[in-house]
Amino acid sequence: MHQDRSAAPPGRGGAARPRRADAPARPPQARAARAAAQGRERSPVRDRLPAGDGPPPGEQRSRREPPPRPADRRPRRGGGEPPSRPPTFLASGVSRFQRAWDRPLTAYYVVLGTSLLIILLGLVMVFSSSQIQALRNSLPATYFFQKQLVAAVIGGVLMVLAARMPVKLLRALTYPFLAVSIVLLIAVQIPGIGVEINGNTNWISVGGPFMLQPSEFAKLALLLWGADLIARKGERGTLDQWRHLLVPLIPGALLVCGLIMIGGDMGTVMILVAIVFGLLWLAGAPTRLFVGVLGVTVAIGAVFMATAAHRMERLSCVMASDPGPGDECWQAAHGIYALASGGWFGSGLGASVEKWGELPEPHTDFIFAITGEELGLAGTLSVLGLFAALGYAGIRVAGRTEDPFVRYAAGGITTWLMAQVVINIGAVLGLLPIAGVPLPLFSYGGSALLPTMFAVGLLIAFARSDRSARAALATRRRPDGRRPAGLGWTSKRRREVNASSGER
């Protein structure tokens, strides 16, 4: 009798056997029982085919494929794909960091934590770098530290108030705040009221040893006013026109910068220009507008620098490694000496040599150089890391909010802080001219510390106002506003509450 040579698909234990064409088809139960007895798994497609129809088309094609290479013959789990390799330690660490950074309250904690650490470290360095300066002026060794500590306490109160201030109230105070700042800037130029320090007339005596610098408060006032102005124009849909984008923002900024330049403080004007550029960038200003405004700004700055001999001397001291024949680069050179003598871990807290009269302004403009000398490269990198984390958190707050005013205000505050950090540290490193700009939250100076801490409080408030952050904070408190009792950091109840709120 003629036999059908078409074979069924081979099993795992041996070759295919020939089957007669007239052989009766086995019932599905018999085939399943035989497959179970042989210890192998049958395909559902094959079970539905008649006995003499041969293997499914997919298996026929697979029989014509070349055998796998030896490298592909790895143990398989249940006949599926080869097991994936476990993630490396670095990849798992990066993944955990990304998940932690995506949590709703991460920006809130980063802004709060980094700002407090910078302030505390700044107090320590002010105490260390200002003792000799105070003794040379026949003052107690802790004179500058005590003043800075008082300013930090007052700034802490302002930070708490700013963190609790509603956005509507803040926007309502922007115009009065700017008006008061302009009045104070005008009062500085009145003889008998303004006080000249280091060649700049930008100070007002408020009684005793306390001095007020209105230009520091003008930074915050111009920033909030500009953010509210651009937000209102955006709500009206007029930001696509240059006239509405530049007026009255640019005239108002020119007025404030002009009043400050009368006192001779070009460093503060540079910060104000950076704030205005940051607001225009966030508002979506076109590139041609940026090029035009930047060209006008550079031209005006070149005129002011060319007409002042001390500014040209500071410009000539960029990248200077020695004081020069007339000691015109004394401060820039000794700042480099302080950083170079620190090494990896510094000479020790309080063991600086440059603060003994060699480096001018060791507790204000050049406190970063003393930090490098006493704490070394590790200390300076720690300070830079804290500022970088603060700046990145500010960018996150500005990018995640849905309120246009909050976006512009948070972006402007971040631009202000980071621009001031770059200008101060760039001058200490000899990469930029010395502009007399303090390191925010770190250098000595109550007039600079108070508005900066208020601005950081606003960042904290903006981080809390995010929708996901509000939801995460709401789950951590009972309806009466108090934290649930018996809720530990690793308790099961806390994990269940966080899981139900969507917080990771």
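**Ground rules.** I number residues from 1 along each chain as its sequence is written, and I work with heavy atoms for side-chain values, leaving out hydrogens and water. As the model is predicted, local features need pLDDT of at least 70 and side-chain atom pairs count only at pLDDT 80 or more, while totals for chains, interfaces and linings use all residues.

**Entry: the sheet.** I began with helices (H or I, at least four residues) and strands (E, at least two), which are DSSP runs numbered from the N terminus. Two strands pair if DSSP finds at least two bridges between them. I found three strands in an open sheet, in the order 1-2-3, with antiparallel pairing. Strand 1 and strand 3 (211-212) are at the edges with a single partner strand each, so one side of each has no neighbour in the sheet.

Next I looked at how strand 1 meets strand 2. Residues 194-197 make up strand 1 and residues 200-205 strand 2, and the two pair in the antiparallel sense over four bridges. Which residue stands opposite I197 in strand 2? I found N200 there. The two strands form a hairpin with two residues between them, and N198 in the turn has a positive phi of about 55°. A reminder to myself: in a regular strand, side chains alternate between the two faces of the sheet.

**Entry: aromatic rings.** My rule was that rings of Phe, Tyr and Trp (its six-membered ring) pair if their centres lie within 6.5 Å; planes under 30 degrees apart are stacked, over 60 edge-to-face, and the rest tilted. The count comes to seven aromatic pairs. One of them is Y108 with Y109, a tilted pair at 5.2 Å centre to centre and 55° between the planes.

For accessibility I used relative accessible area: buried is under 20%, exposed over 50%, and partly exposed in between (1.4 Å probe, protein chains only). Y108 counts as buried at 13%, whereas Y109 is partly exposed at 42%.

I then turned to F127 and F145, an edge-to-face pair at 5.2 Å centre to centre with 70° between the planes. F127 lies in helix 5 (residues 106-136) and F145 in helix 6 (residues 143-164), so the pair ties together parts 18 residues apart in sequence. F127 is partly exposed at 33%, and F145 is partly exposed at 22%. I also noted one aromatic cluster formed by Y143, F144 and Y444.

**Entry: salt bridges.** Here I looked for a side-chain nitrogen of Lys or Arg within 4 Å of a carboxyl oxygen of Asp or Glu. How many salt bridges does the whole structure hold? My search found five.

- E235 and R171 meet in a salt bridge at 3.8 Å, N to O. The pair links distant parts of the chain, with E235 in helix 9 (residues 214-236) and R171 in helix 7 (residues 167-172), 64 residues apart. E235 counts as exposed at 56%, but R171 is buried at 14%.
- R171, D228, R232 and E235 are linked in a network of salt bridges.
- E216 and K219 meet at 3.0 Å, N to O. Both lie in helix 9, three residues apart, about one turn of the helix, and both are buried.
- K355 bridges to E374, with the closest N and O atoms 3.3 Å apart. K355 is in the loop between helix 15 (330-342) and helix 16 (367-400) and E374 is in helix 16, so the pair ties together parts 19 residues apart in sequence. I noted both K355 and E374 as buried.
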